[in-house]
Amino acid sequence: MENEYSSVHHPWVRMIPVKMIIEARLVDDATECPAVHLATIDRELTTDAIGLSLAEGKAILSSAQRYFVREQCRGIAWAHSCCEKCGASLGRKGYHDRHIRTVFGRVTVRSSRVRCCGCSGMKPGASFSPLVKLVPTGMAPELEYL
Ligand SMILES: [Zn+2]
């Protein structure tokens, strides 16, 4: 990737084009998700500026944040597919897009609504969004702190 900080190309310097590929994957004790591509940095190894630019670093963090927040939201939805008190399977009422603001940018996620089973005092069939319960303001706690 050419930028304003690139070194001048000297004819006696051997140029070595490379790609640095940044990937993420979630791993727990039992499973390992396939790697997801986050970014590719193209460089002339010997002649381009040393290190990542600020813009590249921000883009990588933003991409990693988007991937991680979406996976967390998927986990939250899965964890709330059954009642945490009685274990009954909870029906889905539907989905909607929800925006979560974080320190590394806004992430749009799919948020589900689930129907209550009625064991916890809520009206049976009433619905709630597990994600809204966990992130009521749509803002990650660290961003609220800042
Ligand atoms: Zn229940």
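## Arg74 and its setting

Arg74 counts as partly exposed, because it has 14 C-beta neighbours inside 10 Å. On this scale, a residue with 20 or more other C-beta atoms within 10 Å of its own is buried, one with 12 or fewer is exposed, and one in between is partly exposed, the C-beta atoms being placed from the backbone. Arg74 belongs to helix H1. Between Arg74 and Glu144, which are 70 residues apart along the chain, the C-alpha separation is 22 Å.

## Basis of the model

The model is predicted: local features need pLDDT of at least 70, side-chain atom pairs count only at pLDDT 80 or more, and totals for chains, interfaces and linings use all residues. Residue numbers start from 1 along each chain as its sequence is written.

## Overall form

The protein contains three helices and five strands, arranged along the sequence as β-β-α-β-β-β-α-α. Helices (H or I, at least four residues) and strands (E, at least two) are DSSP runs, numbered from the N terminus.

The radius of gyration of the protein is 22 Å, whereas a compact globule of 146 residues would have one near 15 Å. This radius is taken over C-alpha atoms, and the globule rule is 2.2 Å times the number of residues to the power 0.38. Along the principal axes, the C-alpha atoms fill a box of roughly 75 × 35 × 25 Å. Of the 146 residues, 10% count as buried.

## The S1-S2 pair

Strand S1 (residues 17-24) lies largely in the open, because zero of its eight residues are buried. S1 pairs with strand S2 (residues 36-44) in the antiparallel sense over eight bridges; pairing requires that DSSP finds at least two bridges between two strands. Within this pair, Ile21 has Thr40 of S2 as its bridge partner.

An open antiparallel sheet is formed by three strands in the order S3-S4-S5. Strands S3 (92-102) and S5 (127-128) stand at the edges with a single partner strand each, so one side of each has no neighbour in the sheet. Strand S4 (residues 105-115) is joined to S5 by two bridges, and Arg115 stands opposite Ser127 in S5.

Helix H1 (residues 54-79) packs on the sheet and touches S3 and S4, its direction making about 5° with that of S4. Such angles run from 0 to 180 degrees between N-to-C directions, with axes fitted to C-alpha atoms, for helices over the stretch in contact. Contact means C-beta atoms, placed from the backbone, within 7 Å.

## Nonpolar core

The largest nonpolar core has seven residues: Val69, Cys73, Ile100, Val107, Val109, Leu131 and Val135. H1 and S4 are the elements that give two or more residues to this core. A nonpolar core is a set of buried Ala, Val, Leu, Ile, Met, Phe, Trp, Tyr and Cys residues joined through C-beta atoms within 7 Å.

Key:
Contact = placed C-beta atoms within 7 Å.
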